[in-house]
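Me: I'm new to this one and would like to go through its charged side-chain pairs. Can you put it up?

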Amino acid sequence: MTSPPTIESKFLPSKDQLGVIAVGFSGGQCKPGVDAAPTALIEAGLLVSLSTELGYTLHHDNIVHSYSSHLPASDPPLLTAGAHAPMLKSVAVSNVTKAIADQVYDHASQGRLVLTLGGDHSIAIGTIAGTARAIRERFNGREMAVVWIDAHADINTPESSGSGNIHGMPVSFLTGLSKAPKENPDVFGWIKAENLISVTKLVYIGLRDVDVGEKKILRENRIKAFSMHDVDRYGIGRVMEMALEHINCGPGQAGMPVHLSFDVDALDPQVAPSTGTPVRGGLTLREGDFICECIHETGCLVAMDLVEVNPIADGAGADSAGAKETVRAGCSLVRCALGESLL
């Protein structure tokens with residue numbers, strides 16, 4: 001049995017009101033199974049533990065959303081000028097992320113901490129856009145920070161992407177580096193200035209599989225990024241100190257609202273094998289939990305995504321040891337971000 005969180009929130013009126021959105025959407029990439037993650041996480045007891053052990057009042061419609069009504073009858077690949085590959089399922093992802101943004105905004109505008117269970121990482125276009133809008137409205141135009149935990153930078157533009165899968169592009173749309181393509185202005189045309197985040201308020205942790213074009217984008221925009229090389233060199237404790245200092249959330253700093261977007265493939269595949277794009281040499285579970293614990297301790301967390309859990313990715317099925325380990329890891333990350341402590 002754990003104890004309810006004792007950290008007071010700096011940006012939420014109450015520390016125990018939790019909006020939950022279960023997103024069963026896999027359209028940002030091409031592998032089946034990630035849409036089953038919310039059900040697997042919920043059936044593993046995640047929401048029950050958040051309520052009974054951590055004391056949250058849950059605001060959840062008890063639906064795993066598939067967004068079938070938002071999927072177009074036709075969604076051909078969209079080739080933009082200068083692109084190596086066409087964007088895949090662009091209309092579907094745009095429509096669904098707009099719906100997710102509205103759902104997140106509805107919770108966040110009421111001052112709730114928002115937890116979104118995905119789903120592939122394209123859904124962060126919606127989750128972060130919705131949170132950013134609510135924070136600006138609630139705090140007179142104030143920006144928020146994003147801490148992005150991932151093996152991948154997910155900052156490809158439609159022109160730099162080699163695959164066309166939009167789960168590798170969300171950060172470029174959220175920062176305004178990519179805009180609605182002139183070939184179809186309706187695709188992500190709903191993203192406005194109120195939905196965007198600044199590259200100066202973005203921090204990556206855990207990177208180890210970054211495309212050449214993405215490295216160029218990171219360098220040119222001076223985006224703060226900690227790769228696994230940095231974790232090895234400094235240790236996760238010092239990395240978190242530097243990351244939080246960068247977004248004004250370190251000891252003695254004023255703090256700013258933080259949206260944590262955690263891709264489970266940031267963890268090493270030995271810890272979380274059931275994910276669509278595993279990359280060896282990742283974070284241990286304790287390092288992942290530590291990241292979440294540190295962010296919780298700032299009192300600045302206003303929203304969290306957990307994405308890319310794929311219960312059937314290892315080919316052995318949802319009841320396999322690898323799938324169960326990955327789901328358990330995902331549950332642990334969420335609980336730590338929401339206040340679970342070792343003592």
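Me: Which side chain does Arg133 meet in a salt bridge?
Reply: This is a predicted model. In it, the side chain of Arg133 forms a salt bridge with that of Glu137, at 3.4 Å from N to O.

Me: Where do Arg133 and Glu137 lie?
Reply: Both are in helix H4, which covers residues 124–138. They sit 4 residues apart, about one turn of the helix.

Me: Which residues are linked with Arg133 in a network of salt bridges?
Reply: Glu137 and Glu194 are linked with Arg133 in that network.

Me: Switching topic. What does Lys201 pair with?
Reply: Lys201 has a salt bridge to Glu143, with 4.0 Å between N and O. Lys201 is in the loop between helix H5 (170–174) and strand S6 (202–207), while Glu143 is in the loop between H4 and strand S5 (145–149), so the pair ties together parts 58 residues apart in sequence.

Me: How accessible are Lys201 and Glu143?
Reply: Lys201 has a relative accessible area of 24% and is partly exposed. Glu143 is also partly exposed, at 28%.

Me: And Arg238, which side chain does it meet?
Reply: Arg238 meets Glu245 in a salt bridge of 4.0 Å, N to O. Arg238 is partly exposed at 34%, and Glu245 is partly exposed at 39%.

Me: How many salt bridges are there in the whole structure?
Reply: The search finds 12.

Terms used
Residues numbered from 1 in each chain as written. Predicted model: local features only at pLDDT ≥ 70, side-chain atom pairs only at ≥ 80, totals over all residues. Heavy atoms only, no water. Helix = DSSP H or I, 4+ residues; strand = E, 2+ residues; numbered from the N terminus. Buried < 20%, exposed > 50% of the residue type's maximum accessible area, 1.4 Å probe, protein only.
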